[in-house]
Amino acid sequence: MVPDVSTGSRTYGLLAYLYGPGRRDEHTDPHLVAAWIPELAPDPGRDPAATLKQLTDRLDLPVLALPKGRRPAQHVWHCPVRTAPGDRHLTDAEWAEVARRVVHATGIAEEGDEKACRWIAVRHADDHIHIVATLKREDGRSPRRHQDGIRAQAECRKIEKEWGLQILNEGDGTAAQRPTSAERAKAERTGRTEPPRETLREHVRQALAGAADEEEFFRRLTEAGLRLDKRLAPSGDILGYKVALPGDRNRDGDPIWFPGSRLAPDLSLPRIRQRFAAGLPEDEPMAAEGRSVRVARPASARRDATQVAEQAGTVLTEDDDAAGAAQLIGIGELLDAVAQTAPASTRKELAEAARAFERATRSHTRAEQADSRALRAAARGIVQAGNALGKGEDGGTTAMLLSTMVLVTIAAIRWHSARGHAQQAAAARQAAQHLRAAYQSASATPMKAMREHGRRLPAPVHDRYAHTVEVALPGQAGRARREPGWDALAATLAQAERAGHEAGTLLQQAIEWRELETADSVTDVLIWRLRRIGKLPAAADLPRTQAQPRATSPQTPPSKPQTAETPARNDTLSTRRPGSRC
């Protein structure tokens, strides 16, 4: 059961919508199910003689009785309450009880208070009602509705438990403010895919990803095409900022501004400055000072970010809450950086993953900002490197990073769940789903190439690598060989040996780097770890010629003594032209 509290200024306009047909004729049988005093509230839905104006006048009477200077500008309190998909349909009497309990819990109209605010509850669908109240009591005072949204949520959780409805995740007051029904209606009316609040929040988060200081942050906002207004002190110091979308104006023609704090609690300027105050890692002093630095290519930036993300996942398994909270903030920035530089094939899923994980970056656990510096530097490197291609080494390292990010979000799910952060855990779970989809898209081409290489390896080589996996992961070799990525793993181990690595030793390092229990595919995770740790190419071109497997004993590379355990020189990886890369 989801309540959504907002305020407005036009009682009649809201009632006209509630009693009207809806934007797509979805409203059916609009009528009152409850009111402050049912006998005093005319119902235009059931009484042919009643009008919307009559109902408006009755609701507004305590407000209009006051001198104009004492009337609140936003005098309309609006709270839709919706059941979860799959819940049974409540009766009118049950919805009336829900309304009475919500207005009591929020301080709008406590039970037994004859001087409380006037309110009604309108039903025009099976799964929800709209509670409307005016924010002046009969005695002219304002209601005590501090944290009314949180109190409404708490009351709905009680109702869910008592009535056997789905128990939704309880909030903790750290979520970003959702668009109001008026904002959603305007977005639909003007042809926008989403309310400006959502678009602005995404742009501001992307501008913040890896930014070194305020100057760079504000520059990125304007480069993104946003209107920017800084609030200045008499001394000229910046006290705050607000942003607006070009063309988004109110009825007076003025831009509709959103301060950072109204987009999300952690996007206020003081909170942003806390990130900047922590600085960047010591090995990037020039980046922090804004001077010229050597910019890595997208593939290199993603490879570097993969190692940092792996380390963040390890921190999330430890007991340091402050460090863990900082990692979550940094992971959010890294996702924002990857989303805005992703190739077209994965950009939509990554944008959705970043949006979902945004909720997982905030809780009441205080973060040690210095612990997120490495992740912020990785995000900065990705943004500076620019857009990645969806093929070649860019595509391969994107898959490498996304494979790791799936595991990191799973670690975030566990971290939040262990601390009772239900909404944050759910957000991380949603982000992981989008990351899995993005990984499947990004890894398709490089994994296909590696599988082709692996299938052309002689059978004895496959058997030997299965033994290597069995030694490193007892009892796992059979599972690994049944996974779709086995041939690619075999090709990776062969390529690692040709690069001078000992397959068993490198595999053990990859396994010990972090647990594999949460991996969807053990072979996929090991492939990308091996390629990162062994500094192997993340993408392999298909061979020009197919090697014919021979029934000879495997041979060793020239740099090593020949043994029975080394790979054959006549496999596919040895048929490339001199000087070419595998």
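## Where helix 19 meets helix 21

Let's start at a helix pair: Trp486, Ala488, Leu489, Thr492, Leu493 and Gln495 of helix 19 come up against Thr523, Leu526, Ile527, Leu530 and Arg531 of helix 21. Sort that contact by class and you get seven nonpolar residues, three polar ones and one charged. This is a predicted model, by the way, so everything here is read off a prediction.

As for geometry, helix 19 covers residues 486-498 and helix 21 covers 522-533, and the two pack at an angle of about 20° with their axes 9 Å apart. Angles under 35 degrees count as roughly parallel, so helix 19 and helix 21 are roughly parallel to each other. Their crossing is left-handed.

Carry on into the segment after helix 21 and you run into Lys535. Lys535 isn't a glycine, yet its phi is positive, at about 55°. Most residues other than glycine have a negative phi. Is Lys535 buried or exposed? Lys535 has a relative accessible area of 73%, and the cut-off for exposed is over 50%, so Lys535 is exposed.

## Another positive phi, at Asp29

Asp29 is also a residue other than glycine with a positive phi, in this case near 50°. To find Asp29, look in the loop that links helix 1 (11-19) to strand 3 (31-35). Its relative accessible area is 43%, which makes Asp29 partly exposed.

How many bridges join strand 7 and strand 8? There are six, in the antiparallel sense, with strand 8 running over residues 238-244. You can pick out individual partners too: Lys230 bridges to Tyr241 in strand 8, and Leu232 bridges to Ile238 in strand 8. Strand 7 and strand 8 form a hairpin, with five residues between them. In that turn, Gly236 has a positive phi of about 95°.

Over in helix 15 (residues 392-418) you'll find Thr398.

What does Thr398 touch, leaving aside its neighbours within four places in sequence? The contacts are Arg302, Ala388 and Ala442. Take Ala388: ten residues separate Ala388 from Thr398 in sequence, and the C-alpha to C-alpha distance between them is 8.1 Å.

## Stepping back to the whole chain

Zooming out, the chain has 21 helices and nine strands. Of its 582 residues, 53% are buried. Along the principal axes, the C-alpha atoms fill a box of roughly 100 × 60 × 45 Å.

And how far along the sequence do contacts reach? If you take the contacts between residues at least 6 apart in sequence, 71% of them join residues at least 24 apart.

Conventions:
Residues are numbered from 1 along each chain as its sequence is written. This is a predicted model: local features need pLDDT of at least 70, side-chain atom pairs count only at pLDDT 80 or more; totals for chains, interfaces and linings use all residues. Side-chain values use heavy atoms; hydrogens and water are left out. Two strands pair if DSSP finds at least two bridges between them. Helices (H or I, at least four residues) and strands (E, at least two) are DSSP runs, numbered from the N terminus. Axes are lines fitted to C-alpha atoms, for helices over the stretch in contact, and angles run from 0 to 180 degrees between N-to-C directions. Angles under 35 degrees count as roughly parallel, over 145 as roughly antiparallel, 65 to 115 as roughly perpendicular and the rest as oblique. A crossing is left-handed if the near helix is turned anticlockwise from the far one by less than a right angle, and right-handed if clockwise. Contact means heavy atoms within 4.5 Å. Ala, Val, Leu, Ile, Met, Phe, Trp, Tyr, Cys and Pro count as nonpolar, Asp, Glu, Lys and Arg as charged, and the others, Gly among them, as polar. Buried means under 20% relative accessible area, exposed over 50%, partly exposed in between (1.4 Å probe, protein chains only).
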